[in-house]
Amino acid sequence: MSEHFLLFDVGGTDIKAGLANANGEILQVLREPTHKVGPEHAAAELVGQLSALSRRLTSQSAITPVAAGLAVCGLVDAESGTGIFSANLGWRNAPLRAMASAELGLPVGFGHDVAMAARAELELGSGAKDAALRRNAVVMVIGTGIATALMVDGRLISAGGYAGELGHAQVPGGLPCACGATGCLETLGSAGAISKRYQQATGKAGGAKEVFAARAAGDEIAAGIIHEAIEALTFTMAQLCSSVAPEGIVLGGGLAQAGDSFIEELQVSLRRRLSFHREPRLIPAHLGADAGLQGAMILARDIAAQRSHLAL
Ligand SMILES: [Zn+2]
């Protein structure tokens, strides 16, 4: 019987669960809202929910998975298998890998959702045929907030779960942020900020896409807000060019698709800020919404390979 893997991508809003075969093909996907309970029960509730999802995925077939991959949101220490903190879901210092492994009765590969989506993007998406990008890249997911993963010389930088929080890096003109600080990039540069600021200025509701459409129709308020978002984003990107010097910055999330010229405008604005630096290529992400599940697949594949290596 061929090997199968259970995959879990746990976000603040919902959990995606999937089943993949040994070739990494995702055969089946379930999605349901993440249960929200108090901080004391959050971790136990999560592993209970994972176990129920795994029964639903495997009960219809004779498949017995050999390993699971678990990618979760929040602050994550992948090495120790700990969910350090999740503002959305409430756990604190929870040994999620060990708990999930005990509950599922399987070896569990564990990691951060954005970091693993980034690894999937670089291994299987935009970096699949681009060795330079696979070694030195920044993956930036710009949606309601801004999540980032840093690949430097072939290693994903984790720093105990604290690295890559560029949504909360200070930028000139930044506004008060939900995190408690003032001036964070995501208060100007996220899709969420663009639509919120436009609504505050004009009373018109809509997503970032609508603000881009308003700009195209000659709306100066929309143009100003988008200009400030671009300047804020390239301010942070330029800091990255002088600190970790990526070959490319891969842009995912809603904003990357918001306007046709958006990535080009970012590239021009970034170029203006650089001199001798390596200018990164700005690249739209190839993998879509299931990048997190693909990342969980990499985690499951790696832990299964480690186990079979140990057994030899
Ligand atoms: Zn912040």
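In the predicted model, the zinc ion is held by four protein donors, namely ND1 of His 168 and the SG atoms of Cys 177, Cys 179 and Cys 184. These atoms lie 2.1 to 2.4 Å from the zinc ion. The angles among the four donor atoms run from 104 to 117 degrees, and the site is tetrahedral. Because four donors count as tetrahedral if all angles lie between 85 and 135 degrees, the zinc site meets this criterion.

Along the sequence, the donor residues follow the spacing H-x8-C-x1-C-x4-C. Both His 168 and Cys 184 belong to the loop between strand S11 (155-156) and helix H5 (186-189), so the pair ties together parts that are 16 residues apart in sequence. The surroundings of these two donors were also examined. His 168 has a relative accessibility of 28% and therefore counts as partly exposed, whereas Cys 184, at 0%, counts as buried.

A further feature of the model is the packing of two helices. Helix H1 (residues 42-58) and helix H2 (residues 96-104) have axes that come within 10 Å and cross at roughly 40 degrees. H1 and H2 are therefore oblique to each other, since angles under 35 degrees would count as roughly parallel and those of 65 to 115 as roughly perpendicular. The crossing of H1 and H2 is right-handed. On the side of H1, the contact is formed by Ala 43, Ala 44, Leu 46, Val 47, Leu 50, Ser 51 and Ser 54. H2 contributes Leu 96, Met 99, Ala 100, Glu 103 and Leu 104.

Note on methods. Residues numbered from 1 in each chain as written. Predicted model: local features only at pLDDT ≥ 70, side-chain atom pairs only at ≥ 80, totals over all residues. Heavy atoms only, no water. Donors = N, O, S within 2.8 Å, 3.2 Å for Na, K, Ca; no water. Tetrahedral: all angles 85-135°; square planar, octahedral: opposite > 155°, others 65-115°. Helix = DSSP H or I, 4+ residues; strand = E, 2+ residues; numbered from the N terminus. Buried < 20%, exposed > 50% of the residue type's maximum accessible area, 1.4 Å probe, protein only. Axes fitted to C-alpha atoms, helices over the stretch in contact; angles between N-to-C directions. Parallel < 35°, antiparallel > 145°, perpendicular 65-115°, else oblique. Left-handed = near helix turned anticlockwise from the far one by under 90°. Contact = heavy atoms within 4.5 Å.
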